[in-house]
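Colleague: Could you walk me through reading an interface and a sheet?
Modeller: Gladly; let's look at the structure together.

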Amino acid sequence: MNRKSRIQLWAFIFLLLLLFFLSLNIGSYSISPINILKTLISAFFPSSLSLPTAYADILFRIRVPRLLLALLVGMSLSVSGASLQALFKNPLVNEFILGLSSGAAFGAALSIVFLGKSFPPQVAAFVFAVGAVLAVLLVAGRSDTHIVTLILTGVIVSSFFSALLSLLEFFASPYALQSLFFWLMGSLSMATWKDVIFSVPLMLTGVVIMLLLRWRLNILSMSDEQVKALGINVRMEKILVIAAATMATAAATSVAGIIGWVGLIVPHLVRMMVGADSRLVIPFSAVMGSIFILLADDLTRGLTSFEIPIGIFTSLIGIPLFVFLLKKSKKVWL
Amino acid sequence: MISLKKRHASLFLALFWMLMAGWAISIGSQEKPYFKIVDDLSRTVKIPRNTSRILSLQPEMTRIVFALGAGDQLVGLDYFIRRYDHLFPLISARHSNLPLVSISPESVNIELVLRLKPDVIFASPSEFQVPESIQAKTGIPVLALSSMGRFEKLIREIRLAGQVIGRKKRAEELISYFLEKTGFISSRISASKEEEKPRVYLSFWSSLSRPPVFYEPVNVAGGINVAEGLLPEYLGTLGTVVELEKIYEWDPDIILVQGNYPPGQRVVSVPLILSDRRLESLKAVRNKKVFYTFGFWYWWDPAEVLVETVYLAKLFYPQKFEDVDVEIEGNAIFNKFYGIKEGFTALCRILECREWLHE
């Protein structure tokens, strides 16, 4: 990473932190920035300031867990998207390409419709998301290093889980369907510390692995023969990247539902900015993904008095932005 | 001679006119074999005058058919009433074995419908294309009617159902009873000032953050639904999604949870809200003013929503309704609508809303 890129990256990290603190001020319940600051201070020096208890509840039990999740979810989805695009040498690949979203949706549906509290939707979504990717690797078998085979197997497994989801929807009670429909739209509105504790370690582990593997992604984006000639075990490396991306995306999807387009749009924006070098694309995607989701979440919380699910917003903002930048750059980045 | 002829002629003329008038009267009084109704999808539907076989695919309408005393005329049941409705076995357990004609709102067994030969079919307007599609395939008139969560429309629905199945008198009797009860509540709370009215947040549809933007039982019982007007009325949407801190902004006096879900299927419950640490600074939570109410259950049950309004009035204004016993009143309402005794008590036991009962 050259000096210019390093400065750019730090500037974006600073922007992300700034946005995080600004986002603490956004919400239906009006708390002035001064009182936000006082509430933050009072967390460390409880008796120093007298503030309404609602401030602390809103800040520490509603806004902070939500923003932390938004930050990590954005990071996980965009880094996973960028890693898989490099791995599959295809810019149209997204983080859900290996059937992960269908698996997660089916898991959540199974929990909501039949299993209930014994198997919460978050856990079920994670288990089935990972299960769907494992099924892809299993079906692809020994040929799982072949990109086209993997993508096609992903499509097949995805279709299979979609069919199972439809079957569940068909037999579900109308009231279970309402819950499921809401989950499928993707939302951070009900984020709790429990969600943070459950998902953040998984998301962080996946993201850190992908960050550590960023230079290898450059090598893996060459032809398999070239990579083998360098003495690298292509199969193992690919499985490692897929496992890390699956862990991060499955954890993100299990707590936030299916938030589309992040893993496709953010890496494209990043590549337009810094080029196709994975050593830059991966860390920039991590920061930009977080910024993107934080902004989208701020809009869902700040624009209307009711809440539009974030999955709708990421598509509404992301797609026009993506089209605009693509037209402007007149380039196709691979 | 001439005068006799004239007399005969005028007699003949008078007879002729009498005959003509009689014929005209008989033509006029001869009714057409059908009448027309404009349903909730603005479709004009021709309904036969004599309807002895009825099929209802709309749970609210099925309940109204029973309330009108025409349960025996039903030839089949929809999936919701048959599989998910805990009210229906209370209304009429013996009709539970009627043929099941649908497995989802959109999936109706047309061949079975044809075999059952109903004279009229009631369907829900929320499944936009389904009524027209069934009518086109079967040639049987399909009326799309529902209350859509409005008392005015519920009353119209009862009236039209009475007209269609030939139970106008019973329909008017039920409507008068309904209006009398709601009128009684309104008269007791009419003196209440706006600032005295409790501000109420409703957690419906299995989610803490999904309130209805209009819920008439709350308004009639003298409460203020804090989410009312959050979406423009012309959208026709009943519910919306809000942020948790929006509830803090409203800081309601009372939180009502949709209690129509069987206890095992409740995603949101009163204990869950009272123990949710994110909500512990809310006035309603601090004061433990979190209760169940019935809420929608595929629109309404006319008896249940009336009891609910009485219950809410007593909950909001305990002193003004001190003399009202919700259990006695509830059982009387269920008896009036369905002719069943202790119906409300049985329903509360199923839903485990024992705080509404004496026990």
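Predicted model: local features only at pLDDT ≥ 70, side-chain atom pairs only at ≥ 80, totals over all residues.

Colleague: How much area do chain B and chain A bury between them?

Modeller: Interface size is often given as the accessible area lost when the parts come together. Here chain B and chain A bury about 2800 Å², with 57% of it on carbon and sulfur atoms. In chain B, the residues losing the most area to chain A are B:Glu243, B:Glu245 and B:Arg278, together 26% of what that side buries. By contact, 31 residues of chain B meet 30 residues of chain A.

Colleague: How many salt bridges and polar contacts are there between chain B and chain A?

Modeller: The count is two salt bridges, and eleven residue pairs are in polar contact across the interface. One salt bridge joins A:Arg61 to B:Glu280, with the closest N and O atoms 2.8 Å apart.

Colleague: Which helix of chain B gives the most to the side that touches chain A?

Modeller: Helix 10 does, with five residues. By class, that side of chain B has 16 nonpolar, six polar and nine charged residues.

Colleague: Now the sheet: in what order do the four strands of chain B lie?

Modeller: Strands of a sheet pair through backbone hydrogen bonds, either parallel or antiparallel. In chain B the order is 4-3-5-6, in an open sheet with parallel pairing. Strand 4 (74–76) and strand 6 (142–144) of chain B each have a single partner strand, so one side of each lacks a neighbour in the sheet. The twist from one strand to the next averages 30°.

Colleague: Which residue is the bridge partner of B:Leu55?

Modeller: B:Ile121, in strand 5 of chain B. Three bridges join strand 3 and strand 5 of chain B.

Note on methods. Residues numbered from 1 in each chain as written. Chains lettered and ligands numbered in written order. Heavy atoms only, no water. Contact = heavy atoms within 4.5 Å. Buried area = accessible area lost by both parts, 1.4 Å probe. Salt bridge = Lys/Arg side-chain N within 4 Å of Asp/Glu carboxyl O. Polar contact = N/O pair within 3.5 Å; in protein donor to acceptor, adjacent residues only side chain to side chain. Helix = DSSP H or I, 4+ residues; strand = E, 2+ residues; numbered from the N terminus. Nonpolar A, V, L, I, M, F, W, Y, C, P; charged D, E, K, R; others polar. Pairing = 2+ DSSP bridges. Axes fitted to C-alpha atoms, helices over the stretch in contact; angles between N-to-C directions.
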